[in-house]
Amino acid sequence: MKNLIFKEVVEDSPLAYFLLKCIKNNNNEYIDAILIDGNRSFSHLINSKLNDIKNCYLSDLMDQKSFKEIDFNKSFKFAIKNKKSISISYCSNLDKYLNSEIYYSGDDDIFLIRCSEVLNNQINFAKILQNSPFSFWIKDKDGKYLEVNKKFEERCKKPYSEIIGHSDCDIWPIKYAKKYKIQDNNVMKDKKIYHFQETILGLHELNKKSSSVYDITKWPCFDVNNNVIGTIGMAIEMIHDIKLRESLLKNEENFTDIARYSEDVFILADNEKALYVSPSFYKIFGQEPKKLYKDANDWFDYYHPDDITEEDLSIDFEDTFEFVKRVKPINSKDDKWVWVKSSPIKDERGNMIKRIVIICDVTKKRKMNLELESLRMDFFANISHELRTPLNVIFSALQLLKLKSSSLAGEELEYVCRYLGIIEQNGYRLLKLVNNLIDCTKIDAGYLEYKPQNFDIINFVENICMSVCEFVNQNDMNLIFDTDTEEKIVAFDLDMMERIILNLLSNAIKFNSKNGKIEVNITCDECVNISIKDSGIGIAEDKIGSIFGRFEQLSSKKLHNKEGSGIGLSLVKSLVDIHGGKITASSKINEGTTFTVSIPSVLVEKKSNTRTYNALNDCSKVNRMNVEFSDIYF
């Protein structure tokens, strides 16, 4: 019956299984065993037909040297007591190292053995490292030690016989044993090499004087079928790290002395919690840093909840980072702003040992910057209004000169018209700059009026594209409009949206390549997504994040006469924000850039006194296009 169950369960297993009935002597000691049965993998492993060796004694099947090396009494009685026994041994008959797992069947001195061949290079590696100056070990899947070297014996102060067959719980303090078990499980689960570095205290003198820093490497042990059968590890004592840590302790004392009298906050922390927080913390935050001493990851509890983003909650403390945020209000109604910078202290392997955090109160500086920005925008607003008057005079004079030039003919007419065109284009360019500056000032002051209307945005954007199509074609480019929805009524400010689309089209034309393509695509879901893609020079990856900043310009030899004022995209972003939407950019050098505007798909309640939109006449469209495209030169 047992043989039948054995056959059904393990016959087709890729691992070798066989059954043994152990033989006892008069002293009740195991001295030999009879082979009862085995599966196909076992027959393949020993390279023999199973029927030829069934019911034979192991002493007859093995050479005497290999047979005498088997401690039947120890291995099989250990399996009875612990339900399992594991060993790695060399079988000279087969010229192979075998990992043997012995399981007790429960009665009749019958045992089930599972065998797998161990790669020779792993065993040879263990032999080579037997007398090495660093600790080395091999464990089975259950964490039992199968082999260790002499350095390992010295380190744990136990003889070889008290290590082999035992687990970490029998050798190391429980806090280390639990940690090692987790490490081993991760190594076997992920099937990859892991590096660890930690301070290990002396086993008999649990104090800092007997501590040592070890660089530990662990990797999985495989059989020939690439199955994980255990772990291999080695630990090297890091003398340099000991000196480094001693130096850090001395520097920490100096650090705390300096920080104690500083108005800025200094924090020294490890991977888990703060080790030191300077007294200035209470002065800035209005509360004690008790949470930080328990868990350094609770730092966001001290900042204004509106300023905390999902990215903030996933900050990698092993990197250097900085930010400016508001302090969580406790007693004061006024906002308090702080600048925070965190820098890691790393060892020679790049592992973070500790980190230093500096926090500065920048409230006064921020207010001063805002005042300076306000003064600057007031200055630009005044200048802009002052420029508008002479611009109006210039455009009026241009109209008169155009009327007078109609009486000219031939080369004289061509000459006058060419220079009148230059004056007009640069007048439009100056008008665009003035309009942008004035609108930026209105947005900052909150005076730019948002007038949303329910309108078909598909038709609206398509009409703008049609109005600029001739200009695009004249400059040897191709404009393609596509949409997944024929009609979509949403609420938006028509003047603002026209400004947004024309500005992005202007950039697509300006920075495009010769015979380039401009693709305008609209998709609709919860938002209306308008993407404008060109096939031009592209934007460097490290510059993408700054292009929406005010007065930001990209400096490149490829741009030569294509630079703008650096206000356009900043204004576009502000206009999109007013709609409750967002604008994003993606780009590849020499492949092109894509700007995507997304606005909510919502409607507004109609009011009796709300004006309805009438399509701009051709003259107005051309005039607005001339202003937006005035800084394009070919």
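1. Two strands pair if DSSP finds at least two bridges between them; strands (E, at least two residues) and helices (H or I, at least four) are DSSP runs numbered from the N terminus. With that in hand, Ile267 has Val277 of β12 as its bridge partner.

2. A friendly reminder on provenance: this is a predicted model, where local features need pLDDT of at least 70 and side-chain atom pairs count only at pLDDT 80 or more, while totals for chains, interfaces and linings use all residues. Residues are numbered from 1 along each chain as its sequence is written, and side-chain values use heavy atoms, with hydrogens and water left out.

3. Strand β11 (residues 265–269) joins β12 through three bridges in the antiparallel sense. Both belong to an open sheet of five strands, ordered β12-β11-β15-β14-β13 with antiparallel pairing. At its edges lie β12 (274–277) and β13 (321–326), each pairing on one side only. From one strand to the next, the twist averages 20°.

4. Now for the helices: α16 (residues 410–445) packs with α18 (residues 494–510) at about 130°, axes 14 Å apart (axes are fitted to C-alpha atoms, for helices over the stretch in contact, and angles run from 0 to 180 degrees between N-to-C directions).

5. Which residues make the contact between α16 and α18? Lys432, Asn435, Asn436 and Asp439 come from α16, and Arg499, Asn503 and Ser506 from α18 (heavy atoms within 4.5 Å). By class, the contact has four polar and three charged residues (Asp, Glu, Lys and Arg count as charged), and no nonpolar ones.
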